Amino acid sequence: MSKDLWTAVDHYLNETLMGPDPVLDAALEANVAASLPAIDVAPNQGKFLSLLAQVAGARRILEMGTLGGYSTIWLARALPPDGQLVTLELDPKHAEVALSNIARAGFSSIVELRLGPALDSLAQLHAEHVQPFDFIFIDADKPSYAVYLHAALKLSRPGTLILADNVVREGTIVDPNTTDPSALGARHFLEALAADPRLSSAGIQTVGSKGHDGFALARVLSL
Ligand code: SAH
Ligand code: DHB
Ligand code: MG
């Protein structure tokens, strides 16, 4: 099995199941033009996230790690017209590109981007007593995932879905000798999920155009 084959299968799945998407194509082109790293979720992963948020009946979505807003647009598509999405980004250049991509996609009125370290924005949201979020997507810096989980739970209600990207990192999470901070962060996060009786969780590994990685999905049972 090779990345070439995984990528070919991703192209086949996307061509078979998804039509042309000029808005998301334009977002990816703008990301390339601005030299953003191509670490957005894959198209089929974005659609999958959007479907999950719809299944959850999400009206309020929280995202950590905006980059160019590619996953943001997929998630915003899951929302009703009066829905709300708050996305957190540290890098002002990423935020600027994202805001332009989000505007082109027609979601400026439902997406709020908060610039700064996600941990600060999460503390602010908590201090503002915002309504709980229905769906939370964790995709910012991997070493902080366990801390983000803790903050996410304070912004949740029973039934909230918490989805984390990049929790497999090419399988390095099972290497007992790994020193990769992202792999260690993912493992620490998965252990925090397992240790929390308020959560029911599963991990799924994925292969495709973005290589070998995985998602973790957790459902808040009670608080
Ligand atoms: N969700 C995006 C990809 C996000 S990549 C998509 O799939 O389209 C991770 C992003 O997290 C980067 O833009 C990076 O700048 C941001 N990030 C890194 N550390 C952060 C922090 N401490 N707070 C907020 N965002 C952070
Ligand atoms: C990285 C971040 C991501 O969100 C991703 O999907 C892939 C890679 C990274 O920081 O390396
Ligand atoms: Mg990611």
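Predicted model: local features only at pLDDT ≥ 70, side-chain atom pairs only at ≥ 80, totals over all residues.
**Exercise 1.** Find side chains that make polar contacts with ligand 2, and say how much of its area the protein covers.

*Solution.* Step 1: look for polar side-chain atoms beside oxygen atoms of the ligand. Asp 139 has one at 2.8 Å, Lys 142 has one at 2.9 Å, and Asp 165 has one at 3.2 Å.

Step 1: check the cover. On its own, ligand 2 has 300 Å² of accessible area, and the protein covers 66% of that.

**Exercise 2.** Which residues coordinate the magnesium ion (ligand 3), and where do they sit in the chain?

*Solution.* Step 1: pick out the donors. They are Asp 139 (OD), Asp 165 (OD) and Asn 166 (OD1), at 2.0 to 2.1 Å.

Step 1: read their spacing along the sequence, which is D-x25-D-N.

Step 2: Asp 139 is in the loop between strand E4 (135–138) and helix H7 (145–154), while Asp 165 is in the loop between strand E5 (161–164) and helix H8 (181–195). They are 26 residues apart, so this pair links distant parts of the chain.

**Exercise 3.** Describe the surroundings of ligand 1.

*Solution.* Step 1: find the space. Ligand 1 takes up the largest pocket.

Step 1: count the neighbours. There are 21 residues around ligand 1, and the closest are Gly 65, Ser 71, Glu 89, His 94 and Asp 139. By class, that shell holds 10 nonpolar, five polar and six charged residues.

Step 2: look at polar side-chain atoms. Ser 71 places one 2.8 Å from a nitrogen atom of the ligand, and Asp 141 places one 3.2 Å from a nitrogen atom. Glu 89 has one 2.6 Å from an oxygen atom of ligand 1.

Step 3: finish with the cover. Of the 580 Å² of accessible area that ligand 1 has on its own, the protein covers 89%.

Conventions
Residues numbered from 1 in each chain as written. Chains lettered and ligands numbered in written order. Heavy atoms only, no water. Near = heavy atom within 4 Å. Polar contact = N/O pair within 3.5 Å; in protein donor to acceptor, adjacent residues only side chain to side chain. Areas by Shrake-Rupley, 256 points an atom, 1.4 Å probe, with all protein chains shown as cover. 1 Å grid on protein atoms, 1.4 Å probe; cavity = no way out; pocket = protein on both sides within 12 Å on 5 of 7 lines; lining within 4 Å. Sits in = over half its atoms within 2 Å of the grid points. Nonpolar A, V, L, I, M, F, W, Y, C, P; charged D, E, K, R; others polar. Donors = N, O, S within 2.8 Å, 3.2 Å for Na, K, Ca; no water. Helix = DSSP H or I, 4+ residues; strand = E, 2+ residues; numbered from the N terminus.
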